[in-house]
Amino acid sequence: MSRTVRGCWLLGDDAVSGKNFDYRKDWIENQLRHFAAFFGIDLPSFAILSNHFHLVLRSRPDVVDTWDDTEVARRWLMICPERTDAKGDPMAPSQAELDGIRNVPHRVAEIRLRLSNISWWMRLLNQRIAQRANNEDEVEGHFFQGRFKAVPLVDEEAILACSVYVDLNLIRACVAETLEMSDHTSAQRRIESVRASKQTSEEQSCNSLDQESIDTPTPTTSPQTRRPDAFLSPVNLNEAIATAGPHPSESGERCSDKGFVAISEEAYLQLLDWTARQLASEKPGKTPSDLPPILKRLGLSPTLWFTLVANFSEVFSTIAGRPEHIDHERTKQTGRRFYIPRHTRMLFGQAA
């Protein structure tokens with residue numbers, strides 16, 4: 001998570017300056033699309049608000065290991081280009097530019113690490129948004145409050161709860177009433193893709209019926225349209241049928257085609273909508289008599305689930321997961337166990 005400075009809404013309708021900066025959310029989302037295509041990092045979820053943004057990121061050094069030296073150099077030069085076009089977009093690297101990296105072994109090794117490093121993703125993202133905004137406002141200094149805040153997610157329960165927490169941010173902030181109205185979120189992009197796929201299927205069905213009636217040849221292939229969520233990680237891990245391995249993306253619009261939770265996209269969207277109705281008391285609808293299957297499978301009670309999603313950042317301040325899973329983790333700096341607050345252990349039914 002990164003937040004803008006001085007409590008100003010520098011990504012939305014700012015009362016201090018009297019200006020509206022909603023268009024800067026497009027800047028961030030466009031950068032996310034670009035980074036997702038070239039970094040060795042998956043983007044499962046995101047939400048961009050008026051004074052901060054949330055990302056769920058998954059480092060994929062295993063995918064980076066499948067790239068040869070030329071591909072490593074090409075991707076880095078598309079992220080940090082030496083030349084840009086009139087619009088400021090990176091130009092395809094020349095052979096000389098590629099040679100400047102791929103022919104220097106220690107340089108290639110360094111960039112391989114950077115491509116799957118979340119700190120480098122956040123560093124470049126915040127730097128570019130800050131520079132562009134400061135140039136526009138003709139000011140200098142910090143745009144975001146220091147470095148970003150990150151919480152490791154150590155198990156599937158934490159991943160699911162955090163992703164739902166991120167996708168429901170606009171609803172919880174009373175900025176949107178429904179998932180469809182939650183602008184600049186991964187949930188909205190997934191819903192747009194579902195609708196687009198449904199519309200395409202209906203059109204193909206109609207075309208098939210017309211073809212049968214008029215009996216004229218039609219093209220066997222149709223032009224591929226880009227899915228609004230093509231840069232996001234797919235939801236379903238497909239553990240029952242998918243083979244093990246990195247699964248590099250076939251489309252080139254994201255790092256890999258590997259999902260992040262063991263449920264379908266439809267079940268995930270249903271869980272989002274159901275949870276949103278419980279969190280927003282003014283919304284219509286009642287709690288279903290039977291809990292969604294995913295909650296039963298993960299052993300999460302309604303009370304625990306609502307607390308995790310509504311207060312994720314308070315429950316987990318430095319690392320997220322079940323206490324028994326966190327107890328097996330150690331800090332990188334000192335090798336000590338992570339401190340788990342008493343109220344978090346009690347929430348999961350553990351003695352303090």
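What volume does the largest pocket have? In this predicted model, in which local features need pLDDT of at least 70, side-chain atom pairs count only at pLDDT 80 or more, and totals for chains, interfaces and linings use all residues, the volume of the largest pocket is about 1300 Å³. Residues are numbered from 1 along each chain as its sequence is written, and side-chain values use heavy atoms, with hydrogens and water left out.

Among the 48 residues lining the largest pocket, L57, A150, V151, P152 and L153 are the closest to its centre. Pockets and cavities were identified on a 1 Å grid over the protein atoms alone: a cavity is a set of points where a 1.4 Å probe fits but cannot get out, a pocket is an open set with protein on both sides within 12 Å along at least five of seven lines, and lining residues have an atom within 4 Å of a point. Grid points are joined across faces, edges and corners, and a volume is the space filled by probe spheres set on the points. At least two lining residues each come from β1 (2–3), β5 (52–59), α6, α7 (156–167), α8 (169–172) and α13 (312–315); helices (H or I, at least four residues) and strands (E, at least two) are DSSP runs, numbered from the N terminus. The greatest contribution to the pocket lining is that of β5, with eight residues. The lining of this pocket comprises 26 nonpolar, 13 polar and nine charged residues, where Ala, Val, Leu, Ile, Met, Phe, Trp, Tyr, Cys and Pro count as nonpolar, Asp, Glu, Lys and Arg as charged, and the others, Gly among them, as polar.

One cavity of 30 Å³ or more is present in the structure. The largest cavity has a volume of about 50 Å³, and its lining consists of V315, F316, S317, T318, I319, I326, Y339, I340, P341 and T344. Seven of these lining residues are nonpolar and three polar, with no charged residues.

Helix packing was examined next. Helix α1 (residues 23–38) packs against helix α6 (residues 118–137) at an angle of about 150 degrees, with the axes 11 Å apart. Axes are lines fitted to C-alpha atoms, for helices over the stretch in contact, and angles run from 0 to 180 degrees between N-to-C directions. The two helices, α1 and α6, are therefore roughly antiparallel (angles under 35 degrees count as roughly parallel, over 145 as roughly antiparallel, 65 to 115 as roughly perpendicular and the rest as oblique). Contact (heavy atoms within 4.5 Å) involves Y23, R24, W27, I28, Q31, L32, F35 and A36 of α1 together with W121, L124, L125, R128, I129, R132, A133, E136 and D137 of α6. Eleven residues of this contact are nonpolar, one is polar and five are charged.

The axes of α1 and α3 come within 9 Å and cross at roughly 170 degrees; α1 and α3 are therefore roughly antiparallel. In this contact, H34, F35, A37 and F38 of α1 meet R74, R75, M78 and I79 of α3, giving five nonpolar, one polar and two charged residues.

Helix α3 (residues 69–79) and helix α4 (residues 95–102) have axes that come within 9 Å and cross at roughly 115 degrees, and α3 and α4 are therefore roughly perpendicular.
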